[in-house]
Amino acid sequence: MQDLDRIIQTIAVAADSAGLPELARRSGIPYTTLIDWQKAGWRPRSVVTLERLAEAATQSPANDTSSQSEAA
């Protein structure tokens with residue numbers, strides 16, 4: 001999730017420096033959507049859901065690389 005955290009930080013910095021209206025214009029994302037995302041700490045529900053799924057996936061036995069490396 002480090003890449004996602006880095007991306008979210010980049011968005012937050014751009015919003016602070018350029019302002020939400022300018023970021024909305026550049027991205028084509030409605031200003032009101034950006035306001036909602038900003039209120040959610042730049043983690044809208046879809047991102048939170050993605051983070052939860054990624055965490056669950058890393059805990060899946062199918063993604064357990066330790067047993068694979070021991071077998072090699």
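Which residues is alanine 15 in contact with, leaving aside its neighbours within four places in sequence? Alanine 15 touches Leu20, Leu23 and Trp42. The model in which these contacts occur is a predicted one.

## Overall organisation and confidence

The protein contains five helices and zero strands, so that from the N terminus its elements follow the order α-α-α-α-α. Of its 72 residues, 18% count as buried. Among contacts with a separation of 6 or more, 38% are accounted for by residues 24 or more positions apart. The protein exposes about 5,500 Å², and 55% of this area is supplied by carbon and sulfur atoms.

The mean pLDDT of the protein is 85, with 88% of the residues reaching 70 or more. Confidence is highest in H2, at a mean of 94, and lowest in helix H5 (residues 65–71), at 59.

## The nonpolar core

The largest nonpolar core has ten residues, namely Leu4, Ile8, Ala12, Ala15, Leu20, Leu23, Ala24, Leu34, Trp42 and Val47. Helix H1 (2–18) and helix H2 (20–27) each supply at least two residues of this core. The largest share, four residues, comes from H1.

Within H2, the buried residues are Leu20, Leu23 and Ala24. They lie on the same side of H2 because they cover an arc of only 100° around the axis. An α-helix has 3.6 residues a turn, and therefore residues three or four places apart point the same way. The buried residues of H2 pack against H1 and helix H3 (31–39). On the other side of H2, Pro21, Arg25 and Arg26 are exposed. Just after H2, glycine 28 adopts a positive phi of about 80°.

## Salt bridges

| Salt bridge | N to O distance |
|---|---|
| Aspartate 3 and arginine 6 | 3.8 Å |
| Arginine 26 and glutamate 22 | 3.0 Å |
| Glutamate 51 and arginine 43 | 3.2 Å |

Aspartate 3 and arginine 6 both belong to helix H1 and stand three residues apart, about one turn of the helix. Both of these residues are exposed.

Arginine 26 and glutamate 22 both lie in helix H2, four residues apart, which is again about one turn of the helix. Arginine 26 counts as exposed because its relative accessibility is 56%, a value over the 50% cut-off. Glutamate 22, in contrast, is partly exposed, with a relative accessible area of 22%.

Arginine 43 is partly exposed, at a relative accessible area of 26%. Salt bridges with shared partners join Asp5, Arg43 and Glu51 into one network.

Technical notes. Residues are numbered from 1 along each chain as its sequence is written. This is a predicted model: local features need pLDDT of at least 70, side-chain atom pairs count only at pLDDT 80 or more; totals for chains, interfaces and linings use all residues. Side-chain values use heavy atoms; hydrogens and water are left out. Buried means under 20% relative accessible area, exposed over 50%, partly exposed in between (1.4 Å probe, protein chains only). Contact means heavy atoms within 4.5 Å. Accessible areas come from the Shrake-Rupley method with a 1.4 Å probe; for residues, only the protein chains shown count as cover. A nonpolar core is a set of buried Ala, Val, Leu, Ile, Met, Phe, Trp, Tyr and Cys residues joined through side-chain atoms within 4.5 Å. The arc is that of the directions from the helix axis to the C-beta atoms. pLDDT is the predictor's confidence in each residue, from 0 to 100. A salt bridge is a side-chain nitrogen of Lys or Arg within 4 Å of a carboxyl oxygen of Asp or Glu.
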